[in-house]
Amino acid sequence: MKEIKTAGVIGLGALGTLYAHLLTEALGREHVLVLANKGRVERYRREGVFFNGQLQDFNYADAAAVTEPVDLLLFAVKFGGLDSAVETCRHLVGPDTTLVSVLNGISSEQVLGAAFSPEQVVWCVAQRMSALKEGNHVTVSPLGELAIGVPAGQNERHLRRLTAFFDSISFSYALPGDIATHMWSKLMCNTGCNQAAMLYQCGYGALQVPGEARDTMLGAMREVVAVANAEGVPLSEKDIDGWLAIIDTFPADGEPSMRQDGKAHRKSELELFAGTVRRLARKHNIAVPVNDRIYEQVRTMEAAY
């Protein structure tokens, strides 16, 4: 396959802004499109987008006006906007386009594979970063990395192409031995960390010390382990300890994305986290009382917006 020389990013939340910044720095502005519909592009240009305090000179593009496929297309929208993003960018995906999603959860790769080709999708987990978005200002520290891979039996040509590209631009990535298990592991982290922070209206600081928020986070994580095991995914307490070691290094005043959604009165990713766990728990007749409580209480919070 030819080298990756052009990229598109759709979605300018915290992670979309981070990766638009890193790719633009590496490839140059003319080779990285920040894609959206015409109205959103005009807003980006009018209001500006700031990354770590600096106004970004992104190459904003009305996706409908772009005619050539890109070599790499990175999806960074919320899950509820993924279907719309797929339609917005469908004509930008050629037979050789490599597709990456940095969305939370364990579902977006299947959505992209169904819309295009599973062979073009490199599975991905965005990890080890603390990202905060307030209005049009994004702050990320540390920058973290992407864990990437493809499921067993899938052709690895797009994965090899992506790692060669990342190596060429000194982009930080990891190659877990089993990307599917790793994605479940990140789901476990988010189900605990994100949801506890939203429920208790706190940042990482309250999750790093003994107390009700940390206990809830751990309880929700342990329920994910039980459900994952029933699904044949070998998560354990060791995986929880690994994520705690990462969470405990984040800035105490930093906030997971669901806490940021709650403060902004945006619909959160509750269905991706507790919703997914509850559905699979019913399938296996597993009790998940912590996630049940979180689900009901967060739904009540969101209904009051």
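In this predicted model, helices α6 and α8 cross in a right-handed sense. The stretch that forms α6 covers residues 179-199, its partner α8 covers residues 212-230, and the two pack with their axes 8 Å apart at an angle of about 150°. Since angles over 145 degrees count as roughly antiparallel, α6 is therefore roughly antiparallel to α8. On the α6 side, the contact is made by W184, M188, C189, T191, G192, C193 and A196. Facing them from α8 are A213, M217, A220, M221, V224, V225, V227 and A228. Sorted by type, the residues of this contact come out as 13 nonpolar and two polar, with no charged ones at all.

L82, D83 and V86 are what α3 brings to the contact, and α4 answers with S108, V111, L112 and A115.

On to the strands. Strands of a sheet pair through backbone hydrogen bonds, and the pairing can be parallel or antiparallel.

The peptide bond leading from S141 into P142 is cis, its omega being near 0°. P142 itself belongs to the loop that links β10 with β11 (145-149).

Strand β11 also holds G149. Is G149 buried or exposed? With a relative accessibility of 5%, G149 counts as buried. Leaving aside residues up to four places away in sequence, G149 touches V122, W123, L159 and I179. Q201, by contrast, is 52 residues from G149 in sequence, and the C-alpha to C-alpha separation of the two is 34 Å.

Two further backbone details involve phi. H265 has a phi near 55°, which is a positive value in a residue other than glycine. This histidine is found in the loop between α10 (257-263) and α11 (271-284). H265 has a relative accessible area of 52%, and residues over 50% count as exposed, so H265 is exposed. N285 shows a positive phi as well, about 55°, again without being a glycine. Where does N285 lie? N285 is part of the loop between α11 and α12 (289-303). The relative accessibility of N285 is 73%, so N285 counts as exposed.

How values were computed:
Residues are numbered from 1 along each chain as its sequence is written. This is a predicted model: local features need pLDDT of at least 70, side-chain atom pairs count only at pLDDT 80 or more; totals for chains, interfaces and linings use all residues. Side-chain values use heavy atoms; hydrogens and water are left out. Axes are lines fitted to C-alpha atoms, for helices over the stretch in contact, and angles run from 0 to 180 degrees between N-to-C directions. Helices (H or I, at least four residues) and strands (E, at least two) are DSSP runs, numbered from the N terminus. Angles under 35 degrees count as roughly parallel, over 145 as roughly antiparallel, 65 to 115 as roughly perpendicular and the rest as oblique. A crossing is left-handed if the near helix is turned anticlockwise from the far one by less than a right angle, and right-handed if clockwise. Contact means heavy atoms within 4.5 Å. Ala, Val, Leu, Ile, Met, Phe, Trp, Tyr, Cys and Pro count as nonpolar, Asp, Glu, Lys and Arg as charged, and the others, Gly among them, as polar. Buried means under 20% relative accessible area, exposed over 50%, partly exposed in between (1.4 Å probe, protein chains only).
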